Amino acid sequence: MNELPASQAYRLLEPGPIVLVTTSQNGKPNIMTMGFHMMIQHAPPLIGCIIGPWDHSYSALRATGECVIAIPTVDLAEVVVDIGNCSGDAVNKFDRFDLTPQPASDVAAPLIKECLANIECRVADTSLVDEYNLFILEAERIWIDAGRKEQRTMHHRGDGSFTADGDVLDLRERMVKWRHLQR
Ligand SMILES: Cc1cc2nc3c(=O)[nH]c(=O)nc-3n(C[C@H](O)[C@H](O)[C@H](O)COP(=O)(O)O)c2cc1C
């Protein structure tokens with residue numbers, strides 16, 4: 001994987017792909033599925049994530065303050081749903097779903113080799129966790145597998161059905177107010 005600037009995290013997240021979140025507590029890595037997330041700020045890049053106390057990942061994230069947001073593609077669709085329907089309390093999900101953990105640079109949580117991209121994150125603010133389960137994360141590094149054949153991300157419709165990325169509409173010439181955001 002090649003590194004992208006952490007400030008570009010919004011380009012991966014603004015379209016709202018379903019994501020996987022890895023944590024690592026006491027040397028035990030885990031993965032959950034997450035649909036509720038949003039970009040909050042460009043610089044430093046802040047991401048809001050809803051991770052509830054019903055998730056094993058919640059206590060790991062509170063305890064360690066670190067995670068990785070991994071971006072899966074449509075070829076992983078069934079695995080993504082199944083990861084969100086079992087708990088790290090009971091199973092080692094890397095083993096069960098035959099996924100490969102790779103060491104991150106700055107956080108103990110692992111990257112997922114089979115994903116298109118991985119964002120290393122650190123918890124920046126927990127002030128809304130008690131009320132909304134809303135963790136504010138800062139993206140620190142992004143790793144992207146740009147040569148990956150399947151690049152279509154999945155978008156959760158809220159009920160276990162998904163849309164897959166379709167055609168790209170290139171309207172960059174109309175972005176007159178936002179030239180600085182162009183690739
Ligand atoms: C499509 C999908 C989207 C989900 N989105 C979220 C979410 O945004 N926040 C959350 O707390 N749980 C979400 N979940 C539920 C967790 O992934 C699920 O509770 C999982 O078992 C947690 O794993 P863990 O206990 O190993 O942390 C989602 C599940 C699915 C299938």
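User: In this model, where is the place of Pro 44?

Analyst: The model is a predicted one, and in it Pro 44 has its place in the loop that runs between strand 4 (37-41) and strand 5 (46-50). The peptide bond that leads from Ala 43 to Pro 44 is cis, with an omega near -10°. As a general rule, most peptide bonds are trans.

User: Why is Asn 26 called exposed?

Analyst: The relative accessibility of Asn 26 is 75%, and a residue is called exposed when the value is over 50%, so Asn 26 counts as exposed. Its place is in the loop between strand 2 (19-25) and strand 3, and its phi is near 50°, a positive value in a residue other than glycine.

User: What makes Asp 98 exposed?

Analyst: Asp 98 has a relative accessible area of 67%, and because the cut-off for the word is over 50%, Asp 98 is exposed. This residue lies in the loop between helix 4 (93-96) and strand 7 (101-102), and its phi is positive, at about 55°, although Asp 98 is not a glycine. In general, most residues other than glycine have a negative phi.

User: Which residues around the ligand come nearest?

Analyst: There are 25 residues around the ligand, and of these Ile 50, Asp 55, Ser 57, Cys 86 and Gly 88 come nearest.

User: How much of the ligand does the protein cover?

Analyst: On its own the ligand has 640 Å² of accessible area, and the protein covers 86% of that. The space that the ligand takes is the second largest pocket.

User: Which elements give two or more residues to the shell around the ligand?

Analyst: They are strand 3 (28-34), helix 2 (56-64) and helix 3 (77-83), and strand 3 gives the most, with 5 residues. By kind, the residues of this shell divide into 12 nonpolar, 11 polar and 2 charged.

Technical notes:
Residues are numbered from 1 along each chain as its sequence is written. This is a predicted model: local features need pLDDT of at least 70, side-chain atom pairs count only at pLDDT 80 or more; totals for chains, interfaces and linings use all residues. Side-chain values use heavy atoms; hydrogens and water are left out. A residue is near a molecule or strand if one of its heavy atoms lies within 4 Å of it. Accessible areas come from the Shrake-Rupley method with a 1.4 Å probe; for residues, only the protein chains shown count as cover. On a 1 Å grid over the protein atoms alone, a cavity is a set of points where a 1.4 Å probe fits but cannot get out, and a pocket is an open set with protein on both sides within 12 Å along at least five of seven lines; lining residues have an atom within 4 Å of a point. A molecule sits in a cavity or pocket if more than half of its atoms lie within 2 Å of its grid points. Helices (H or I, at least four residues) and strands (E, at least two) are DSSP runs, numbered from the N terminus. Ala, Val, Leu, Ile, Met, Phe, Trp, Tyr, Cys and Pro count as nonpolar, Asp, Glu, Lys and Arg as charged, and the others, Gly among them, as polar. Buried means under 20% relative accessible area, exposed over 50%, partly exposed in between (1.4 Å probe, protein chains only).
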